[in-house]
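Hello,

Here is the structure I promised to pass on to you. Have a look at it first, and then read my notes below.

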2 protein chains.
Amino acid sequence: MSKDNQVSITVIRRLPIYYRYLGDLLKKGINRISSKELSNLIGFTASQIRQDLNNFGGFGQQGYGYNVEELHNEIGKILGLDSEYKVVVTGAGNLGHAVNSYRGFRDAGFNIIGVFDKNPDNPRHAMRNMEVRDFDELENFLSENKIDIGIITTPKDYAQETADIYIRNGIKAIWNFATIDLVVPEDVVLESVRLSESLFTLSYYLKNKENE
Amino acid sequence: MSKDNQVSITVIRRLPIYYRYLGDLLKKGINRISSKELSNLIGFTASQIRQDLNNFGGFGQQGYGYNVEELHNEIGKILGLDSEYKVVVTGAGNLGHAVNSYRGFRDAGFNIIGVFDKNPDNPRHAMRNMEVRDFDELENFLSENKIDIGIITTPKDYAQETADIYIRNGIKAIWNFATIDLVVPEDVVLESVRLSESLFTLSYYLKNKENE
């Protein structure tokens, strides 16, 4: 599915950042915040923040600012975090483990109900809380369970094959950690995590420090 | 260190993307590409690509386009990938393993020379290729080795403590995977990986599909 309908992806990617900061404010018991205070906290300009949020509704009031809880909940809904999602993971190596054991995903409604691997009996693949099934069982599992999100934490050589199985069995959203560009049809949402891009951004700034 | 000197961070974050696509083109033996062709490949507008690259020099020629190898190398230099970096990792759980075993980082010059954990003898923490040292030894190790980048793959409760040790022992760049905002001085570069932000972007698009 094309990510450039309606609200631009650059704005969409800022929403989870707002969500995170608002969640922290809530935990601290702060109920009200202005776009200027949010700006000081987050680093985006106050006008960027207001513009971003205006895409989604009339949050905030002149002279009052935003109600933190309300805004946090509304952004949560916009991000689809008020729903429960059934998720499978293929690839039970380090990244598969990391994703499977991250409690924040479960708390946000992402329920991993199946983990698959080409080598399910490898002791390093064993998960504390869940059986690791053989990759051969994936297609069958998908025919018996309506899965919303398929996660790919396989080596890159198996990523497209995994994606293909996901796609032909009705999965409409794929979260890909493999370092390869996947081919997916228009009606499937693909989000790829590129850790090297993050690390290379770091080395850019480190190098530029040295040149100061 | 502030990330808003000179070239904007939004441009910087696109550089690794160009680097990746150009690397793929090189592998396919493609030597020459226009900004229009790059645009079709990557999805950024041709004018955005030209503008981005113009920040760094006169690459490309009217009517010719870009020389793929040259541009790939130049962007690699800009990203600091022509250097070798000494790296430590603190936190030998799933993410620590994932980061330590990712060959792409080593190939790009990032050499992990020490891995630390509060529970180094946990069999699940053992690394195939490297001893996991006790967290208590970190400070000493840093005094004996000039480390460029400190990676944090600890639970969030230990992240700031780890960052503090890194900082007071001269580390100037931190790559943080813990789900917490770290406090670092102005002269330290901090890059935080936010996996939940990626996943929540996915759920936004999945939700919006349902509403079509």
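These notes go from the pair of chains to the sheet, its helices and one asparagine.

Please keep in mind that this is a predicted model. Chain A can be laid on chain B by a turn of 180° with a shift of 0.0 Å along the axis, and the RMSD is 0.0 Å. The two copies are thus related as by a two-fold rotation axis. Asn94(A) is the residue of chain A that comes closest to this axis, with its C-alpha at 2.5 Å. The copies meet through the same surface, because 100% of the interface residues of chain A are also interface residues in chain B.

In chain B you will find an open sheet of six strands with parallel pairing, in the order E5-E4-E3-E6-E7-E8. Its edge strands are E5 (132–134) and E8 (189–192), each pairing on one side only. From one strand to the next, the twist averages 25°. E4(B), residues 110–117, pairs with E5(B) over three bridges, and Asp117(B) has Asp134(B) as its bridge partner in E5(B).

Two helices are worth a look here. H6(B) lies across E3, E4, E6 and E7 of chain B and runs at about 160° to E4(B). H9(B), residues 159–168, lies across E3, E6 and E7 of chain B, at about 170° to E6(B).

Finally, Asn100(B) sits in H6(B), which spans residues 94–101. With a relative accessible area of 3%, Asn100(B) is buried. Its side chain makes a polar contact of 3.3 Å with that of Asn129(B). Beyond four places away in sequence, Asn100(B) also touches residues including Arg106(B), Ile112(B) and Val115(B).

Best wishes

Key
Residues are numbered from 1 along each chain as its sequence is written. Chains are lettered from A and ligands numbered from 1 in the order in which they are written. This is a predicted model: local features need pLDDT of at least 70, side-chain atom pairs count only at pLDDT 80 or more; totals for chains, interfaces and linings use all residues. Side-chain values use heavy atoms; hydrogens and water are left out. Helices (H or I, at least four residues) and strands (E, at least two) are DSSP runs, numbered from the N terminus. Buried means under 20% relative accessible area, exposed over 50%, partly exposed in between (1.4 Å probe, protein chains only). A polar contact is a pair of N or O atoms within 3.5 Å; within protein, one must be able to donate a hydrogen and the other to accept it, and residues adjacent in sequence count only if both atoms are side-chain atoms. Contact means heavy atoms within 4.5 Å. Copies are superposed by least squares on the C-alpha atoms of residues with pLDDT of at least 70 in both. Two strands pair if DSSP finds at least two bridges between them. Axes are lines fitted to C-alpha atoms, for helices over the stretch in contact, and angles run from 0 to 180 degrees between N-to-C directions.
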